[in-house]
Amino acid sequence: MRLYPMMVNLEGKRCLVVGGGRVAERKIDKLLAAGAEIAVVAPSCTAAVAKWAREERLFLYRRPFAPEDTRHALIVIAATDDPDVNLAVYQACASHQWVNIADRPDLCSFTVPSVVERGDLQIAISTGGHNPGLAKKLRRQMEAHIGPEYEEYTAFLGAMRRRVLELSLDDRQKREILSALLDDRFLCWTKSGERERRDLEAERIIENARQTGT
Ligand SMILES: C[C@@]1(CC(=O)O)c2cc3[nH]c(cc4nc(cc5[nH]c(cc(n2)[C@H]1CCC(=O)O)[C@@](C)(CC(=O)O)[C@@H]5CCC(=O)O)C(CC(=O)O)=C4CCC(=O)O)c(CCC(=O)O)c3CC(=O)O
Ligand SMILES: NC(=O)C1=CN([C@@H]2O[C@H](COP(=O)(O)OP(=O)(O)OC[C@H]3O[C@@H](n4cnc5c(N)ncnc54)[C@H](O)[C@@H]3O)[C@@H](O)[C@H]2O)C=CC1
């Protein structure tokens, strides 16, 4: 069985997380960043989960799981320290729900990858469940190469690409400009904070192409 890599929009989607420990907290953190509507069911939870509940960023039900909890959730994550409870969560789910059972890869209809996060740039790493520790190790290695400057760099390239796509040029010319904008100089200028130089050079490339293209 080979997993299908997919980036999903969870804005406003209902997610149930059963358990509020260390593993649940890690999954919830990413669900929050994605704008999901989160309900957590757990008799006890970490300080971070309690804080998110106080800030009304999620609904926290401080009690054991009940099968009805899974109703209306698009995504269900079971991350309690009791294998029987995790199994009961799986059994309460309908076949159309996306389910992640933290101690049972064989029952997961989706798994959570390790992610290098740089703003809207996300590099997800999955080992197909073989060794999550390897996914984490690779994430750390990649973080050393993909520095924090990639957040701004990705946003810059996004803004430039939107502009280029709106120009009245043929597709070949647009591809040429986009390829020129991917030159590493733009990354270096972003990293060193030389934004004016970067933006001027980008403008020059776009203007040149516009003049020769029209
Ligand atoms: C199948 C999967 C289901 C899922 O959770 O989605 C799953 C399953 C299991 N994990 C277990 C253990 C550990 N998991 C981690 C860490 C992470 N686990 C994550 C994902 C996944 N874990 C999915 C597959 C991902 C893939 O394909 O590689 C990451 C990437 C994402 C995240 O959780 O956010 C996150 C790293 C985030 C980061 O830092 O980048 C660590 C290390 C640590 O915690 O420091 C350990 C201890 C060391 C070890 O055991 O290897 C166990 C045994 C539990 C037990 O002992 O009872 C099971 C169950 C089993 O394998 O049977
Ligand atoms: N998939 C993954 O990434 C990993 C999975 N695991 C698995 O995840 C399990 C949880 O690990 P941790 O978060 O470290 O445990 P933890 O002990 O920090 O948290 C357990 C949580 O489960 C809750 N809980 C217990 N009984 C419950 C019930 N009946 N209903 C609802 N909530 C209940 C507790 O209140 C607590 O919030 C581990 O036992 C292990 O099997 C462990 C490491 C990584």
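**A chat about the model**

Trainee: Hi! Where is the place of H72?

Mentor: H72 sits in the loop between β3 and β4. Keep in mind that this is a predicted model.

Trainee: Is H72 buried or exposed?

Mentor: H72 counts as exposed, because it has 10 C-beta neighbours inside 10 Å and the cut-off for exposed is 12 or fewer.

Trainee: What about E56, where does that one lie?

Mentor: E56 lies in the loop between α2 and β3 (59-61). The phi of E56 is near 60°, again a positive value in a residue other than glycine. E56 is exposed too, with 8 other C-beta atoms within 10 Å.

Trainee: Let's go inside. How many residues are in the largest nonpolar core?

Mentor: That core has 29 residues. Among those with the most contacts inside the core are C15, V40, V76 and V89.

Trainee: Which helices and strands supply at least two residues of it each?

Mentor: The strands are β1 (14-18), β2 (37-41), β4 (75-78) and β5 (98-101). The helices are α1 (22-33), α2 (47-54) and α3 (83-92).

Trainee: You mentioned V40. What is V40 in contact with, leaving aside its neighbours within four places in sequence?

Mentor: V40 is in contact with V17, G20, I28, C45, V49, L58, L60 and Y61.

Trainee: New topic: which domains does the assignment give?

Mentor: The protein chain gets domain 1 (14-112) and domain 2 (149-213). Their C-alpha centres lie 42 Å apart.

Trainee: And what does UniProt list for residues 118-145?

Mentor: An unreviewed UniProt entry lists residues 118-145 as "domain: Siroheme synthase central". In the model, that span is 50% helix and 21% strand, and its end C-alpha atoms lie 12 Å apart.

Trainee: Last one, how many residues surround ligand 1?

Mentor: There are 21 residues around ligand 1, and the closest are T111, V112, S114, T127 and P132. The shell divides into 7 nonpolar, 9 polar and 5 charged residues.

Trainee: Which element gives the most to that shell around ligand 1?

Mentor: That would be α4, with 5 residues. Both α1 and α4 (132-145) supply at least two residues each to the shell around ligand 1.

Technical notes: Residues are numbered from 1 along each chain as its sequence is written. Chains are lettered from A and ligands numbered from 1 in the order in which they are written. This is a predicted model: local features need pLDDT of at least 70, side-chain atom pairs count only at pLDDT 80 or more; totals for chains, interfaces and linings use all residues. Domain bounds come from an automatic or database domain assignment. UniProt positions are given in the numbering used here, feature names are shortened, and annotations may be inferred rather than shown by experiment. Helices (H or I, at least four residues) and strands (E, at least two) are DSSP runs, numbered from the N terminus. A nonpolar core is a set of buried Ala, Val, Leu, Ile, Met, Phe, Trp, Tyr and Cys residues joined through C-beta atoms within 7 Å. A residue is buried if 20 or more other C-beta atoms lie within 10 Å of its own, exposed if 12 or fewer, and partly exposed in between; C-beta atoms are placed from the backbone. Two residues are in contact if their C-beta atoms, placed from the backbone, lie within 7 Å. A residue is near a molecule or strand if its C-beta atom, placed from the backbone, lies within 6 Å of it. Ala, Val, Leu, Ile, Met, Phe, Trp, Tyr, Cys and Pro count as nonpolar, Asp, Glu, Lys and Arg as charged, and the others, Gly among them, as polar.
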